Amino acid sequence: PAPGEVLLSLRGVSKRFGGLVAVDDVSLDVRQGTITALIGPNGSGKTTLFNLVTGGLPADSGEIWFDGRRVDGLRPWRRCHLGLGRSYQMTRLFDDMTVRENVVAPLADSRWRTMWADAVRGHEADRARDLLDLVGLGRFADQRAGALSYGQRKLVELAQVLMLEPKLILLDEPAGGVNPTLLGHITGVIRDLNAAGVTFLVVEHNIPLVLDLCDPVAVLAGGRVIAEGPPGRVREDPAVLEAYLGT
Ligand code: ADP
């Protein structure tokens with residue numbers, strides 16, 4: 001889609017766990033070219049919503065559209081193949097493999113590629129190296145992933161997602177547990193990728209960072225979208241203040 005057009009659209013999406021409605025009739029658009037934030041207090045449904053979008057969980061009702069197609073019935077790997085990328089937790093890195101091998105590894109998971117060992121020797125290895133340069137970790141390409149710091153592992157994770165050439169990246173707490181220096185670097189990489197055409201949907205607890213990096217910002221509380229708009233407006237929204245203060 002052209003910049004500003006809807007890339008991801010949730011329409012009346014709900015998910016229950018027993019009697020609990022974790023995601024309650026959520027309608028939300030992520031537009032091409034944005035860094036859209038999804039914030040909200042603990043337990044408000046952010047992780048569940050991410051899982052509904054990637055296909056880790058089935059929705060009970062509603063529709064999810066991505067890049068002009070309805071995707072809520074598709075398996076996770078199919079959604080991934082269509083360009084819906086998600087950064088997973090760093091626990092997925094293989095400590096005994098090199099950083100570069102880790103960047104290529106997700107291709108082995110995907111059904112349309114096999115034999116990653118061969119791939120490492122070819123084109124994919126070059127691309128992995130380029131992506132590691134892009135996230136500022138080129139000099140670590142041939143070191144063991146186990147030697148990296150927590151924040152560096154997040155950047156490897158981002159390079160892994162990029163290997164699949166996503167149109168949209170769902171980022172799960174990019175700032176969580178990262179020191180301020182590396183945080184500045186991570187946000188710089190996100191901005192650069194965004195300038196190059198990658199759209200982001202970001203779940204993040206660091207509110208000052210969200211207000212600085214993201215536009216628009218959507219706020220969940222109790223599984224519902226209670227506010228949505230430019231950061232300046234959302235910050236002043238009485239319903240948002242109330243949700244965060246728990247009054
Ligand atoms: P957030 O990511 O905003 O902290 P979650 O999506 O993790 O919120 O959780 C939303 C609500 O759904 C919470 O009340 C949580 O306890 C509940 N929940 C999440 N996953 C499950 C599950 N697998 N089984 C039962 N309840 C769940």
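Two residues are in contact if their C-beta atoms, placed from the backbone, lie within 7 Å. Residues 24 or more positions apart account for 66% of the contacts in the chain with a separation of 6 or more. The model is predicted: local features need pLDDT of at least 70, side-chain atom pairs count only at pLDDT 80 or more, and totals for chains, interfaces and linings use all residues. Residues are numbered from 1 along each chain as its sequence is written.

The chain has 10 helices and 10 strands, taken as DSSP runs (helices H or I, at least four residues; strands E, at least two) numbered from the N terminus. The C-alpha atoms fill a box of roughly 55 × 40 × 35 Å along the principal axes.

Around the ligand lie residues including Phe-17, Leu-20, Lys-46 and Thr-47, counted where the C-beta atom, placed from the backbone, lies within 6 Å of the molecule. Helix H1 (46–54) and strand E2 (20–31) each supply at least two residues of this shell, and the largest share, 3 residues, comes from H1.

The peptide bond from Asp-215 to Pro-216 is cis, with omega near 5°. Pro-216 sits in the loop between helix H8 (207–213) and strand E9 (217–221). Most residues other than glycine have a negative phi, and most peptide bonds are trans.
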